[in-house]
Structures are given as C-alpha cells and as structure tokens.
There are 2 protein chains.
Amino acid sequence: MAKQKKAPRPKAITPKGFRDYFGPEVSDRAKMMSQIAEVYEHYGFDALESSAVETVEALGKFLPDVDRPNEGVFAWQEFDENDKGDWMALRYDLTAPLARVYAQHRNDLPTPYRRYAMGPVWRNEKPGPGRFKQFYQCDADTVGTASMAADAEICAMLSDTIETLGIARGDFLVRVNNRKVLNGVLEAMGLQDSEGARDNVLRTIDKFDKLGEAGVRALLTKGRLDASGAYIDGVGLTEDQAEPVIAFLTSKADDVVKTFDNLRAAIGASKIGAEGIFELEQIGDLLSAGGYDASRISIDPSVVRGLGYYTGPVYEAELTFEILDEKGRKRQFGSVAGGGRYDDLVKRFTGQAVPATGVSIGIDRLLAALREKGRVGSVTRGPVVVTVMDRDRMADYQVMVTELRNAGIRAEVYLGNPKNFGNQLKYADKRNSPVAVIEGGDEKESGIVQVKDLVLGAKIAQSATLEEWKERPSQFEVPRGDLVAKVREILQGQND
Amino acid sequence: MAKQKKAPRPKAITPKGFRDYFGPEVSDRAKMMSQIAEVYEHYGFDALESSAVETVEALGKFLPDVDRPNEGVFAWQEFDENDKGDWMALRYDLTAPLARVYAQHRNDLPTPYRRYAMGPVWRNEKPGPGRFKQFYQCDADTVGTASMAADAEICAMLSDTIETLGIARGDFLVRVNNRKVLNGVLEAMGLQDSEGARDNVLRTIDKFDKLGEAGVRALLTKGRLDASGAYIDGVGLTEDQAEPVIAFLTSKADDVVKTFDNLRAAIGASKIGAEGIFELEQIGDLLSAGGYDASRISIDPSVVRGLGYYTGPVYEAELTFEILDEKGRKRQFGSVAGGGRYDDLVKRFTGQAVPATGVSIGIDRLLAALREKGRVGSVTRGPVVVTVMDRDRMADYQVMVTELRNAGIRAEVYLGNPKNFGNQLKYADKRNSPVAVIEGGDEKESGIVQVKDLVLGAKIAQSATLEEWKERPSQFEVPRGDLVAKVREILQGQND
C-alpha cells in the first residue's frame with residue numbers, strides 16, 4: 001500500500017447492497033453447495049468454473065443507454081495505451097458465461113455437454129429485503145441436444161436435489177410448462193405478429209398467481225380497479241379474444257390427460273402450440289418412466305418464467321409449505337429454482353443455433369427455507385477454551401490444546417489479555433464453547449486441572465435450586481493426565 | 001437482454017489474463033478448500049465471507065495516479081444522481097476486507113477474533129505463466145491480540161494444514177522470522193532513519209535466496225555484473241556497513257540457540273532488534289511445547305516477505321521437494337503460503353492500533369504441487385452411459401438410468417443424436433465412462449441387455465492377443481433384471 005497523506009479515516013462499512021456472512025452462514029452454504037454438486041455429478045454433469053469477470057460484449061448485456069453500460073450490472077472500462085480498453089463486467093448469471101465457454105471450447109467438449117457451475121453473481125440493482133447485489137447460484141445445463149429427455153432429466157435432477165437437501169416429498173413441487181404452447185395460444189388469438197399486444201398479454205399472464213381468473217380476465221379486456229382503488233387499464237381484448245388465454249391458464253386438471261385436452265382446446269389449430277403440447281407429453285412420459293409422479297413434478301400451464309430467452313420447456317421448483325412473512329401473515333415459501341430451454345444463446349457467438357436447457361437454483365432462498373424448517377442453522381458448538389491463569393506458562397497451555405486437537409477435539413487457548421479471568425469465561429460464552437479448562441499455579445503443583453462443563457453450568461445457573469447445584473457440579477477436578485478423557489466424556493454427555 | 005440491432009457477433013474468448021476451469025480442476029480445488037477449512041475450524045477459527053466488492057476507500061489501495069485508481073486492481077466509479085458515486089473495486093486480497101469487517105463489527109465479535117476466509121481475489125496486473133488475474137486464497141487471521149502465542153498457533157496450523165493435504169513431513173518447511181530483528185540490524189547500521197537506503201537494503205535482502213552471500217554483499221556495496229552482463233549499481237554501503245546485514249542473513253545455524261546468538265551479534269545494541277529476538281524465542285518455545293520441531297517449523301532469518309505492512313513475526317511455508325521447471329531443470333517448488341503480524345491495518349479505520357496476525361495459502365500453487373506429487377488429479381471416472389438404440393424408447397432407457405442412479409451409480413442416458421452408434425461410444429470414451437449399456441430391439445424382445453466394460457475393452461484393444469481377446473470378453477449379456485448388479489460388479493472389478 002502506498003502512503004496516504006493525512007487522508008481522512010476511511011469508513012468501515014459493507015458496501016451498500018452487499019453483506020458480510022459469519023460462521024455457520026458460510027459453512028451451511030458451503031455444505032449445501034457440496035450436496036448439490038454431488039447430485040449433479042451423480043447425473044453425469046461436470047463442474048465448470050469461469051471467472052467472475054467477462055467482457056461486456058460476451059455477456060451480451062447491451063443496454064439502451066450506451067454511456068452507461070453498467071446499468072443493472074457492475075461494469076468498467078479497462079485502460080489500454082489510448083485509454084480505451086475493453087468494457088468488462090461482473091457476470092450477472094451463470095448462463096451467459098456458459099454460452100461463451102461452450103462457443104469457445106465446443107470442439108473439445110463432449111456433445112451434448114452437461115455442466116454444472118456454482119458461485120456468486122452480481123446485480124447492480126436496488127436491493128430489497130433479503131436481496132443483495134451479490135448472491136449465489138447453482139446451475140446445471142445441458143448444451144447441444146434438442147431432446148426433451150434433457151429437459152426431463154433436469155426436472156428429475158431438480159426434484160432429487162431438493163429432496164437430498166432435506167425437503168420432504170409434498171413440501172415442494174417442480175412445475176413444467178412450454179413456451180410454445182403459450183405461443184400457440186397467442187397464435188390462436190391472432191396476436192403472434194403484434195409484439196406490443198403479445199408482451200402485454202404475457203405480462204398479464206404472469207399475474208395469474210396473484211390475481212386469479214377474474215382479475216386476469218378484467219386486465220385482458222377493459223381493465224380493473226386495483227386494491228388501492230386506482231384504475232388499471234386493460235389490454236383491450238374482447239371477451240372472445242381473452243377466452244383462449246383464460247382457457248390456457250385454467251387448463252391444469254387433476255388428471256394430466258385432461259390437462260392436455262384442455263391445452264389442445266386452447267391452442268386451436270396452432271402448429272407451434274401442438275408442437276409444445278407434444279413436447280410436454282414427451283417430458284411427462286419420460287418422468288413417469290423414471291417414477292416421478294405429479295406429487296413431485298407436475299405439468300402446469302400457469303408457469304411462465306420472466307426471461308425472454310426461453311424457447312421451449314420452462315420449469316420452476318417451488319416450496320409449498322407455509323411460512324410467516326415479515327408481517328406475520330402465512331404465505332407459501334414460493335420459488336427456489338427455475339429454468340428452461342434456450343436455443344439461441346450460443347448462436348450469438350457462432351451463428352449456429354445450439355439447443356440448450358438448464359436450471360438455476362437460488363441458494364440463498366433455499367438456505368432460508370431450510371432454516372425455516374429447522375434443517376440448518378442449529379447453533380454450532382464453539383471450541384473448547386483452555387484458559388490462561390499464568391501468562392508465563394503459555395507453553396503449558398499450548399501443550400494442552402495440542403493434546404485436545406490431536407484427539408480430534410476443536411480447541412483453542414485463550415489469547416486475549418488474561419488478567420481478568422471473568423473476561424475469559426465471557427469470551428468462552430461468546431464463542432459458545434462447551435468446555436473450559438483451567439490450570440492455575442496450585443493445580444499445576446498438585447498435577448491436576450479443572451474442567452468446566454459450560455453447557456451444564458449454564459443450564460444449572462438458569463434453573464437449578466441450590467441443592468441441585470451442589471449435587472450436580474459443573475466443574476470437575478481431574479489429574480492432568482486425564483484431561484483429554486474428561487473433556488471427551490463431557491462433550492459426549494452434551495451430545496446425548 | 002435487450003435486443004441488439006445487427007451488432008457484429010461477439011468474440012467467444014476468456015477475458016485476457018483469466019481462465020476457465022473444467023471438471024476435476026474445479027472439484028479438486030473445492031475438496032482442498034474444504035479440507036483446509038476443517039483444519040482451521042479445528043483450531044477454533046470461524047468462517048467469514050465478505051463480498052467480492054468493496055469501496056476503494058475501505059480497501060485502502062490509493063495509488064499515486066489518482067486519475068486511475070484501478071492501477072493494479074479492478075475498480076470503477078458508481079453513478080449517483082450527479083454521476084459521481086463511490087469508487088468500488090474487487091478485493092485484491094482477503095486481509096484488507098478483514099480489517100474493514102473487524103473495524104465495523106468489532107463490538108459484536110469475540111476478542112480475540114479468529115477467522116478464516118476462502119475465495120477468489122483479483123489483481124489487474126500483467127499475468128505470467130501460471131499466474132492469472134483471478135485466483136483463490138485461503139486465509140486465517142487472529143485479530144485483537146499481541147500475544148506471540150497467536151503467531152505460533154498460526155505457524156502450527158499451517159504445518160498441520162499442509163500435512164492434512166497429503167504433503168509428508170520432510171517435504172515442506174514453515175520458516176519464521178521477525179521484522180523487528182531486521183529493523184534492529186538496520187538500526188545497528190545507522191540506517192533506521194533513511195527511508196531510501198533502508199528500502200534499498202530490504203530489496204537487496206529479498207534477493208538473498210537467488211544471489212547468495214557474495215551477490216548480496218556486492219549489491220550492498222559497489223554493485224555487480226548480472227548474468228546478462230549488465231552492471232547493477234550497488235546500494236553504496238562500505239564493507240563494514242554491509243557486515244551486519246550479511247551476519248543477519250547467514251545467522252541460521254543447525255542449532256536454534258546458536259542462531260539466536262548469531263542474531264544477537266547482528267543487532268548489536270538495538271532495542272527493537274532485541275525485542276524481535278525475544279519474540280522469536282517465545283514462538284520457538286511455544287512450538288517446541290506443541291511438538292513442532294525444526295523439521296516442520298524453523299526459525300530462519302532469511303525470510304523477509306515483501307509486504308510493507310508487516311510489523312513483527314513473518315512466516316512462510318515452502319515445499320522442499322524438487323520439481324522440473326518448464327525448461328526441464330530441477331528446482332525446489334518453493335513458497336505456497338505466507339503471512340505475518342500487521343498491527344496497523346485496523347487502525348486506518350478506527351484510529352486505534354489493533355494487533356493482528358495471519359496467513360494466506362495460495363490454493364492454486366498448492367494444487368499444482370499436489371498434482372506434481374500425484375496426490376490429486378488422478379483421472380476422474382465418468383458416468384455409466386446408457387446408449388440409445390431406438391429413439392422411440394427413451395422412456396425405457398430413462399428407467400435404466402434411474403435404476404442405476406438409485407443404486408448410487410453415476411449414470412446418464414446418451415442425449416446426442418443416436419443415429420450413429422459409433423458416435424455414442426466415442427462420446428462414452430470422451431467422458432471417460434467405465435461402462436456402456438446397450439439395449440436394441442432384439443435384446444428388448446429377449447429381455448436382456450448388453451453391458452460393456454469400457455476400461456477392460458480399451459486394455460484389450462491395446463495389448464491383448466486374439467486368444468486373450470476371446471477368453472476375456474469385455475461385453476456381457478445379462479437378463480434385464482440383473483443390469484444394476486452386473487454394472488456394479490464391473491465397476492468393483494475396475495477398482496481392484
């Protein structure tokens with residue numbers, strides 16, 4: 001670091017929209033990612049890690065205001081001799097880098113190429129509650145095959161992954177739809193060529209979950225009053241025109257055969273629609289063959305998925321159990337993963353269409369869900385703390401801690417100022433330590449150590465009568481040679 | 001993504017100085033990091049993950065040319081209403097963010113705070129062979145204690161970590177020195193107040209490993225001819241003045257007591273030097289008590305460590321076995337980790353000095369070392385491939401692959417164009433698949449499947465005589481119901 005000339009003190013703050021993660025927040029996530037990686041590997045997917053930095057050109061995040069290519073992403077211009085280097089950016093997802101990697105290395109990669117990738121992505125957007133500018137994704141994609149078996153496989157893998165992470169059958173659902181069916185509906189409505197009307201209809205469909213049939217019908221036609229009393233303009237379709245959309249959205253039946261019949265009615269004579277239905281049927285058959293019934297993976301026409309680049313099947317995993325929102329109201333946990341088929345991303349680079357399909361799991365949301373269910377985030381046990389009674393005998397305490405570690409016990413020697421012994425116990429408390437070891441001058445002379453059960457001690461302090469307190473001491477005097485055995489015994493007792 | 005108006009095709013290239021990592025390169029690193037985390041946790045260190053992005057102000061990388069704060073780092077200016085937002089940057093190490101985090105959260109963190117952090121860091125510097133602009137570090141630091149026990153502990157932990165990763169005792173050495181001893185030597189030379197001369201001497205000392213005693217002596221005095229025949233100016237000391245530096249650099253003796261005697265001679269009457277020697281002696285005593293003798297951790301005055309911010313003990317782990325360099329010459333593998341005590345980093349934020357010490361392991365170099373030793377990077381076995389003989393029966397193949405996966409076997413169905421069967425076997429070969437499963441129409445009718453041992457097949461193809469080939473078939477016909485059992489049997493045979 002170069003010298004600073006009396007610069008004012010820098011502020012010690014996490015940059016706005018980012019956060020720091022401590023202890024179990026980090027290790028729980030690492031564990032979850034390694035469990036997901038194991039399922040992905042099991043399905044034959046190979047790991048890929050590209051760097052966080054890509055050229056803006058490769059990411060393809062070209063935005064209207066060319067003076068500010070960093071709208072929505074973190075981007076900067078490198079300097080070359082003429083101060084006009086490449087525009088670089090932090091990846092905003094793991095799909096855009098995959099398209100670049102596949103286009104670049106396609107001659108060396110197997111076809112099809114099944115790959116998974118895990119890591120942080122960055123969005124330069126206004127953060128919301130629980131949403132940050134850096135967050136983790138775990139993606140799996142299959143590049144180079146148009147087979148619906150690839151889509152079915154990813155849905156099955158997604159279902160397996162969620163179960164592996166400890167979310168029981170019945171608490172989640174993978175829902176599958178196909179963009180071509182939707183396009184077929186639009187074709188049946190005569191809207192396939194009017195981009196504006198089509199986009200309006202798509203946006204309205206996306207609100208079906210919230211507004212229900214009547215709300216969407218109103219928005220597709222004349223408009224409606226929203227909850228605040230404001231009047232929302234409608235798309236301006238006639239009731240007749242709106243009918244296929246409503247038929248499409250409400251086509252899901254208990255019986256999948258009936259669902260397909262309903263969809264066929266909604267798409268009328270549209271060829272693209274029929275293709276979409278055929279693809280959905282193929283996926284359904286493959287999943288049934290694999291034993292994935294509608295309780296895990298379900299054909300559901302109300303799944304739309306926002307992203308513009310999907311060209312065929314789209315899928316989404318949602319957790320169906322209820323949680324309490326920030327205002328204490330019950331609501332479903334909702335979506336934790338989504339994806340679909342995108343056949344044009346590699347084409348940007350090579351000019352040749354390369355079919356691809358893939359899913360992205362939002363790790364942070366899934367972790368939050370598991371915390372809700374009490375599956376992660378149990379309090380982590382701190383290290384055994386060897387206290388320091390005599391600072392000139394650090395070497396003695398060092399020997400103790402080494403013995404404990406060699407016995408496989410997480411342990412540390414107190415390294416703060418040892419003058420005030422109360423501070424050492426406060427420290428052990430803050431670390432959530434299970435056991436403290438004490439050896440003062442007297443103990444040393446007598447060849448003994450004090451071993452204090454901090455968990456029992458805390459329990460006794462909270463609730464015990466004086467008698468109980470006397471009967472169940474939480475501090476034990478043992479010969480120095482029995483230190484490791486006694487600590488191990490106490491730790492085992494705490495586990496019971 | 002917004003629409004692009006006939007933009008030229010983007011180039012599919014990894015940004016300059018970065019690279020993509022495939023398959024085992026990713027999983028080997030993940031495994032190594034999880035092994036290191038386990039040792040760090042065992043020593044009582046807690047995980048911390050801060051974001052990749054920090055304010056330039058917090059990172060403290062202020063560089064001379066203020067128009068270009070991104071010299072050496074990746075940095076950019078955010079936009080606010082007046083187009084003058086904060087300068088942000090990607091972290092260039094894990095220590096600067098730790099100082100920020102500790103200053104920010106110090107009231108909530110235990111004192112001392114032992115933390116570890118792992119992740120990529122970014123340097124906007126000219127990349128060299130094997131050096132990239134993004135690379136991984138695994139750091140452990142103890143903040144808030146001046147005790148030499150903290151430094152000793154980190155050296156012990158570093159030694160344990162390296163052994164845990166599979167590098168045997170004798171193949172590595174942790175070397176420890178103290179900056180105060182070096183300052184004492186400079187004081188003995190009367191150079192403590194002349195920054196220019198001091199820096200020149202330090203730079204020269206850093207070359208001791210390469211140039212040896214005579215080379216350093218020449219550079220400290222009149223200068224020397226380098227290998228290319230160019231004359232390198234000396235620092236301009238007299239022979240007498242250079243003597244303490246040489247005494248310091250050559251002070252390491254077989255016996256650590258003798259080393260300390262030599263150091264005492266080199267520092268003369270310097271108080272700071274004596275303090276440094278006392279600290280080194282404390283570290284030596286603590287490590288001996290823990291059973292770490294000079295074959296693992298050694299006091300070695302020739303360790304300097306480049307970074308300007310070290311204020312006391314400095315340490316370095318090097319691998320001592322020989323490898324062949326790119327030109328086929330034998331050389332020692334060299335340094336894989338380093339660190340030391342830095343008491344002023346938190347002070348930048350708070351105004352109060354906070355003592356801290358820590359180490360950083362260069363994961364990528366260590367992985368390269370383990371590859372050299374054959375400890376990682378053994379060829380990873382690909383998935384069992386269920387081939388597709390009849391594309392209308394994908395559901396049948398799907399059932400097979402599900403059965404295999406449910407039995408814990410990594411497996412996939414072939415998803416490329418199934419027309420050419422040879423391509424399917426080529427694909428299996430590229431994936432390094434151990435087994436291929438084949439079920440054509442005839443097999444289906446007879447209720448059997450073909451299971452092909454690809455490892456044995458490759459072996460036979462390479463070396464077997466016709467007779468052997470007949471005797472040891474690599475393809476087996478089994479009843480469909482025995483598929484999983486047969487595949488498992490073959491996989492086990494390949495492991496033997």
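## Symmetry of the two chains

Among the residues of chain B, B:Trp76 has the C-alpha that comes closest to the rotation axis, at 2.8 Å. Chain B is superposed on chain A by a rotation of 180 degrees with 0.1 Å of shift along its axis, with an RMSD of 0.2 Å. That is the relation of a two-fold axis. The same surface serves both copies, since 99% of the contact residues of chain B recur in chain A. The superposition is by least squares on the C-alpha atoms of residues with pLDDT of at least 70 in both copies, and two residues are in contact if their C-beta atoms, placed from the backbone, lie within 7 Å.

The model is predicted: local features need pLDDT of at least 70, side-chain atom pairs count only at pLDDT 80 or more, and totals for chains, interfaces and linings use all residues. Residues are numbered from 1 along each chain as its sequence is written, while chains are lettered from A and ligands numbered from 1 in the order in which they are written.

## The interface

In chain B, 87 residues are in contact with 87 residues of chain A. Helix H13 (residues 394-406) of chain B gives the most to the side of chain B that touches chain A, with six residues. Helices (H or I, at least four residues) and strands (E, at least two) are DSSP runs, numbered from the N terminus. By class, the side of chain B that touches chain A holds 43 nonpolar, 25 polar and 19 charged residues. Here Ala, Val, Leu, Ile, Met, Phe, Trp, Tyr, Cys and Pro count as nonpolar, Asp, Glu, Lys and Arg as charged, and the others, Gly among them, as polar.

A:Ser51 lies in the loop between S2 and strand S3 (53-55) of chain A. Not counting residues up to four places away in sequence, A:Ser51 touches B:Pro15, B:Phe18 and B:Gln134. A:Ser51 is buried, with 22 other C-beta atoms within 10 Å. A residue is buried if 20 or more other C-beta atoms lie within 10 Å of its own, exposed if 12 or fewer, and partly exposed in between, with C-beta atoms placed from the backbone. The C-alpha atoms of A:Ser51 and A:Pro97 are separated by 8.7 Å, although the two are 46 residues apart along the chain.

## A sheet with strands from both chains

An open sheet of nine strands with mixed pairing has the order S11(A)-S8(A)-S12(A)-S13(A)-S14(A)-S7(A)-S6(A)-S2(A)-S1(B). Strand S11 (297-299) of chain A and S1 of chain B stand at the edges, each with a single partner strand, so one side of each is left without a neighbour in the sheet. Strands count as paired if DSSP finds at least two bridges between them.

Strand S2 (residues 46-49) of chain A and strand S1 (residues 21-22) of chain B run antiparallel and are joined by two bridges; A:Leu48 stands opposite B:Phe22. Elsewhere in the sheet, strands S13 (residues 330-341) and S14 (residues 356-362) of chain A pair in the antiparallel sense over five bridges, with A:Gly339 opposite A:Val359.

## Strand S6 of chain B

In strand S6 (residues 113-122) of chain B, 10 of the 10 residues are buried, so S6(B) is largely enclosed by the rest of the structure. Strand S2 (residues 46-49) of chain B runs parallel to S6(B), joined by two bridges, and B:Ala47 stands opposite B:Tyr116. Strand S7 (residues 134-143) of chain B runs antiparallel to S6(B), with 10 bridges between them; B:Arg114 has B:Thr142 as its bridge partner.

## Helix H9 of chain B

Helix H9 (residues 256-267) of chain B has 12 residues and reaches 17 Å from its first C-alpha to its last, close to the 16 Å expected at 1.5 Å a residue; the expected span is 1.5 Å times one less than the number of residues. Its buried residues include B:Thr259, B:Phe260, B:Leu263, B:Ala266 and B:Ile267. They cover an arc of only 115 degrees around the axis, which puts them on the same side of H9(B). The arc is that of the directions from the helix axis to the C-beta atoms.

The buried residues of H9(B) pack against helices H5 (179-188), H8 (239-249) and H10 (271-289) and strand S11 (297-299) of chain B. On the other side of H9(B), B:Val257 and B:Lys258 are exposed. Just after H9(B), B:Gly268 takes a positive phi of about 55 degrees.
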